[in-house]
Amino acid sequence: MTKGHWKEWAFQVLALMAMICTIGVLITLIVDVCMDGLPRLNWQFLTSFPSRRPAEAGILTALVGSACVVILTALFAFPIGVGAAIYLEEYAPKNWLNQIIEVNIANLAGVPSIIYGLLGLEIFVRAMHMDRSLLAGGATMALLVLPIVIISSREAVRAVPVSIREASYALGTTKWETIRYHVLPLALPGILTGTILALSRAIGEAAPLITIGALTYVAFLPDSPFSPFSILPIQIFNWTSRPQKGFLTNAAAGIVVLLIVLLLMNAVAIWLRNRYQKKYY
Amino acid sequence: MANIDTLTNKGLTVAPTGRTAAGMHDITRSRKGKRIREKFIQFILFLCGIVSIFTTLGIIYVLIFETVSFFREVSPIQFFFDTQWTPLFAEKHFGIWPLVCGTFLTSVIAMLVAMPIGILSAVYLSEYAPDRVRKSLKPSLEVLAGIPTVVYGYFALLFVTPLLKGLIPTMSGFNALSPGIVMGIMILPIVSSLSEDAMYAVPQSLREGAYALGARKIHVSFLVVVPAALSGITASFLLGVSRAIGETMIVAIAAGQQPRFTLNPIVPIETMTAYIVQVSLGDTPHGTLEYHTIFVVGMMLFVSTFALNIISHWLRKRYREAYI
């Protein structure tokens, strides 16, 4: 074996080892969390309010809070995001304003999530007097995921072939009718996939909502969009920062629930993509 | 006529049945209505597009407004030259350096983990890996980017730190090393997939030219492809740094809450993001000096990540233009 061969071989082994180690860390993380948390996971844990005693505590309010925030986030981010994507793909002429919008969206996607929390704190919580409500949380999260929704929706809209638009125009429809009845239905699976992935990012985020002042201890279920709330990642964060062993176990069990929720959302997104992708082309 | 009216109101085009003057009038009115509706919808969609501009303006306005309020009470000289950060104590110091140091330290550790493994995987995936291996390895790496950061925080505090304590007994329970390493693993998929994109964009002719000169694959990969993709790799590095600077929950959980002017990775420190979390968790009244401080720190974060993102964006655009 020549020296060159040896190098080729060594590099491949090294690279594969590095990646396998990294994936090994992922597996270790999941196994570690499951070993800590799975024994604690039961019906009582899912349906109990938080408590000072770890064994009686549960994630009911956090789970309901997370669900409410995600629904509100979707209600805000989906129409605005899809609207912006359609505007940029179908309408926007190439001028300085639209150039700025494009660069701006790319930059917003890179702004740290905690900065959105500061924005939400000043604008939604203080200036608009929403206080520490679900509504303020949903609006903050919507701004956070909006760039992701726009970018993925644009890709979906762009993927609809021009021939379909032309066929529609040839039948005498207007631009909006073409978009509404032909482009959007074809792009919808892609848009939904992107939106679900964006929302799954929102579910795991804790920092922006800690900043707007979401509570770590809520002993009641929200009854309106103006109720104070907690979310699952904040509950996990709170338990992780307690010294008692029981709370750490609770945190692990909470993480297992969070990972299962994320897994389900991703599964739905992948299913949607595989089910509808390429069907029309 | 009423029939056509209801149909046109629904937005359907109907051929005129009667050629009466009233009929023609109806059609023109519906066309005009349609044109107005089209304009109206376009305007609504434009408003959706411009929300992002207002988000950026909102961020900038909020940060500048609160920063100015802060500097009315604290001099910039103290902010930039004091080496203590104790706004929550009785004896207040407002030197930003300890927080910058903490952020710098965890980010450097993260990049020391993410960069070598990231580039190694990118070269392997783009130049060596058979399609089958590529298709299974890449999504597995991407999973790392989808795990919530609070989970990484738990992992850093309760798994990695005890593990490292076995190796370095003097290490404190909160430190920069463990969250830094975990953060590196989180950032890895960003570095590797962006670097891979850049290597993929290197034209085949460059590789073939090198092969024609008798080069081996490893030399082609590292002496031709990597240098040719350097601007893209740099872009991925900058984006990774920006992500590390802005990362919050991992450091808030595992790095501690003691702003310290040190580069020692085994003692508790505090990053800029962790400070914002710490203040937000306490019930700080609106308008106080403590309240202003989180926006000043936010401003530092925003400016640094924004600059990194812009340079990274520009570099990526450049390599795209260079080869396509």
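Predicted model: local features only at pLDDT ≥ 70, side-chain atom pairs only at ≥ 80, totals over all residues.
Biologist: What makes Met299(B) buried rather than exposed?

Modeller: The cut-off for buried is 20 or more other C-beta atoms within 10 Å. Met299(B) has 21 such atoms, so Met299(B) counts as buried. The residue sits in helix α13 (residues 289-323) of chain B.

Biologist: Which residues does Met299(B) touch, leaving aside its neighbours within four places in sequence?

Modeller: Met299(B) is in contact with Leu63(B) and Thr67(B). A contact requires C-beta atoms within 7 Å. As for Arg260(B), 39 residues apart from Met299(B) along the chain, the C-alpha atoms of the two are separated by 20 Å.

Biologist: Why is Thr284(B) called partly exposed?

Modeller: Thr284(B) has 19 other C-beta atoms within 10 Å. Buried needs 20 or more and exposed needs 12 or fewer, so a value in between is partly exposed. Thr284(B) is placed in the loop between α12 (272-281) and α13 of chain B. Not counting residues up to four places away in sequence, Thr284(B) touches Val279(B), Glu290(B) and Tyr291(B).

Biologist: What makes the largest nonpolar core a core, and which residues touch the most other members?

Modeller: Members must be buried, belong to the listed nonpolar types, and be joined through C-beta atoms within 7 Å. The set has 179 residues, and Val145(A), Ile255(A), Tyr154(B) and Val182(B) touch the most other members. Helix α3 (residues 60-91) of chain A supplies the largest share of this core, 17 residues.

Biologist: Why is this core said to lie between two domains of chain B?

Modeller: Domain 1 (2-73) and domain 2 (97-323) of chain B both give residues to the core, so it lies between them. One of the residues touching the most other members is Val182(B). Val182(B) touches Tyr152(B), Phe155(B), Ala156(B), Val160(B) and Ile250(B), not counting residues up to four places away in sequence.

Biologist: How many residues does each of those domains give to the contact between them?

Modeller: The domain assignment of chain B gives domain 1 (2-73) and domain 2 (97-323). Their contact takes 8 residues from domain 1 and 8 residues from domain 2. On the domain 1 side, the residues divide into 4 nonpolar, 2 polar and 2 charged.

Biologist: How many residues form the contact between chain A and chain B, and what kinds are they on the side of chain A?

Modeller: Chain A contributes 67 residues and chain B 68 residues. Helix α1 (residues 3-37) of chain A gives the most to the chain A side, with 17 residues. That side divides into 45 nonpolar, 15 polar and 7 charged residues.

Biologist: How many helices and strands does chain A have?

Modeller: Chain A has 11 helices and 0 strands. Its C-alpha atoms fill a box of roughly 75 × 70 × 35 Å along the principal axes. Of its 281 residues, 47% count as buried. Among contacts in chain A with a separation of 6 or more, 76% are between residues 24 or more positions apart.

Definitions and conventions
Residues numbered from 1 in each chain as written. Chains lettered and ligands numbered in written order. Contact = placed C-beta atoms within 7 Å. Helix = DSSP H or I, 4+ residues; strand = E, 2+ residues; numbered from the N terminus. Nonpolar A, V, L, I, M, F, W, Y, C, P; charged D, E, K, R; others polar. Domains from an automatic or database assignment.
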